Amino acid sequence: MIGMMASSKAGHDRNEVYVIVGEDEKFVYLCDGRLKTLEKPKKKSRKHIQIIKNGIDEMLRQRLFNGAPVRNEEIRYAIKEFNRKSKEVKDV
(Lines give C-alpha, C1' and ligand atoms only; values in the text may rest on other atoms or scores of the structure.)
Protein backbone atom coordinates (compact mmCIF):
# COMPACT_ATOMS: atom_id res chain seq x y z
CA MET A 1 0.00 0.00 0.00
CA ILE A 2 2.99 2.32 0.27
CA GLY A 3 2.67 5.16 -2.21
CA MET A 4 -1.13 5.06 -2.40
CA MET A 5 -3.48 7.81 -1.27
CA ALA A 6 -5.91 7.28 1.58
CA SER A 7 -8.74 9.18 3.18
CA SER A 8 -9.29 9.14 6.93
CA LYS A 9 -12.62 7.56 7.94
CA ALA A 10 -12.45 8.24 11.68
CA GLY A 11 -10.94 10.67 14.15
CA HIS A 12 -10.58 14.43 14.25
CA ASP A 13 -8.96 14.31 10.80
CA ARG A 14 -11.98 12.65 9.16
CA ASN A 15 -12.11 13.05 5.34
CA GLU A 16 -8.53 14.35 5.15
CA VAL A 17 -6.41 12.99 2.30
CA TYR A 18 -2.97 11.54 3.00
CA VAL A 19 -0.26 9.56 1.21
CA ILE A 20 0.73 6.24 2.75
CA VAL A 21 4.48 6.33 3.42
CA GLY A 22 4.85 3.23 5.59
CA GLU A 23 3.00 0.25 6.96
CA ASP A 24 3.22 -2.59 9.42
CA GLU A 25 0.88 -5.35 10.55
CA LYS A 26 -1.82 -3.19 12.19
CA PHE A 27 -0.99 0.38 11.23
CA VAL A 28 -0.20 2.60 8.28
CA TYR A 29 1.88 5.77 8.41
CA LEU A 30 0.35 8.76 6.66
CA CYS A 31 1.85 12.00 5.43
CA ASP A 32 0.24 15.18 4.13
CA GLY A 33 3.50 17.11 3.71
CA ARG A 34 2.23 19.94 5.89
CA LEU A 35 1.32 18.98 9.47
CA LYS A 36 2.27 15.33 9.16
CA THR A 37 5.63 15.34 7.43
CA LEU A 38 7.75 12.51 6.09
CA GLU A 39 9.96 12.84 9.16
CA LYS A 40 7.01 12.46 11.56
CA PRO A 41 4.10 10.67 9.83
CA LYS A 42 0.69 10.02 11.38
CA LYS A 43 0.20 6.50 12.71
CA LYS A 44 -3.33 5.30 11.95
CA SER A 45 -5.13 1.97 12.18
CA ARG A 46 -5.77 0.25 8.85
CA LYS A 47 -9.49 0.03 9.60
CA HIS A 48 -9.75 3.82 9.94
CA ILE A 49 -8.63 4.64 6.40
CA GLN A 50 -10.17 4.33 2.95
CA ILE A 51 -7.73 3.61 0.11
CA ILE A 52 -8.05 5.87 -2.94
CA LYS A 53 -7.27 3.78 -6.03
CA ASN A 54 -6.36 6.40 -8.67
CA GLY A 55 -4.97 9.43 -6.99
CA ILE A 56 -1.22 9.74 -6.94
CA ASP A 57 1.34 10.33 -9.68
CA GLU A 58 2.89 7.00 -10.67
CA MET A 59 6.47 8.29 -10.52
CA LEU A 60 6.00 9.56 -6.96
CA ARG A 61 4.35 6.28 -5.98
CA GLN A 62 7.28 4.26 -7.34
CA ARG A 63 9.81 6.47 -5.53
CA LEU A 64 7.99 6.03 -2.22
CA PHE A 65 7.66 2.27 -2.75
CA ASN A 66 11.36 1.86 -3.62
CA GLY A 67 12.55 4.08 -0.77
CA ALA A 68 13.97 6.80 -3.02
CA PRO A 69 14.17 10.33 -1.58
CA VAL A 70 10.90 12.28 -1.61
CA ARG A 71 10.27 15.80 -0.33
CA ASN A 72 7.29 17.06 1.67
CA GLU A 73 6.59 19.57 -1.11
CA GLU A 74 6.02 16.73 -3.56
CA ILE A 75 3.51 15.11 -1.19
CA ARG A 76 1.67 18.43 -0.76
CA TYR A 77 1.56 18.94 -4.52
CA ALA A 78 0.20 15.43 -5.14
CA ILE A 79 -2.60 15.95 -2.60
CA LYS A 80 -3.37 19.40 -4.00
CA GLU A 81 -3.65 17.98 -7.53
CA PHE A 82 -5.87 15.14 -6.33
CA ASN A 83 -8.21 17.60 -4.57
CA ARG A 84 -8.30 19.82 -7.67
CA LYS A 85 -9.20 16.91 -9.95
CA SER A 86 -11.82 15.66 -7.50
CA LYS A 87 -13.43 19.09 -7.42
CA GLU A 88 -13.51 19.26 -11.22
CA VAL A 89 -15.30 15.91 -11.38
CA LYS A 90 -17.89 17.04 -8.80
CA ASP A 91 -18.50 20.32 -10.65
CA VAL A 92 -19.28 18.56 -13.94
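Predicted model: local features only at pLDDT ≥ 70, side-chain atom pairs only at ≥ 80, totals over all residues.
**Stop 1: the main core.** Select Met5, Val19, Ile56, Leu60, Leu64 and Ile75. These residues have the most contacts inside the largest nonpolar core, which has 14 residues. Now colour strand E2 (17-23), helix H1 (58-66) and helix H2 (72-91). Each of the three supplies at least two residues of this core. Which element gives the largest share? H2 does, with 4 residues. In soluble globular proteins, nonpolar side chains tend to be buried together.

**Stop 2: Leu60.** Leave out residues up to four places away in sequence. Leu60 then touches Val70, Glu74, Ile75 and Ala78.

**Stop 3: the other core.** Select Ala6, Tyr18, Ile20 and Ile49. They are among the 6 residues of another core, which lies apart from the largest one.

**Stop 4: Lys42.** Move to strand E4, residues 42-45, where Lys42 sits. Is Lys42 buried or exposed? Its relative accessibility is 14%, so Lys42 counts as buried, the cut-off being under 20%. Lys42 is in contact with His12, Asp13, Tyr18, Val28, Tyr29, Leu30 and Lys36. Tyr18 also belongs to the core of 6 residues.

**Stop 5: Asn15.** Go to the loop between strand E1 (5-8) and E2, and pick Asn15. Check its backbone: phi is positive, about 75°, although Asn15 is not a glycine. Most residues other than glycine have a negative phi. Asn15 has a relative accessible area of 60%, so this residue is exposed.

Notes
Residues numbered from 1 in each chain as written. Heavy atoms only, no water. Core = buried A, V, L, I, M, F, W, Y, C linked by side-chain atoms within 4.5 Å. Buried < 20%, exposed > 50% of the residue type's maximum accessible area, 1.4 Å probe, protein only. Contact = heavy atoms within 4.5 Å.
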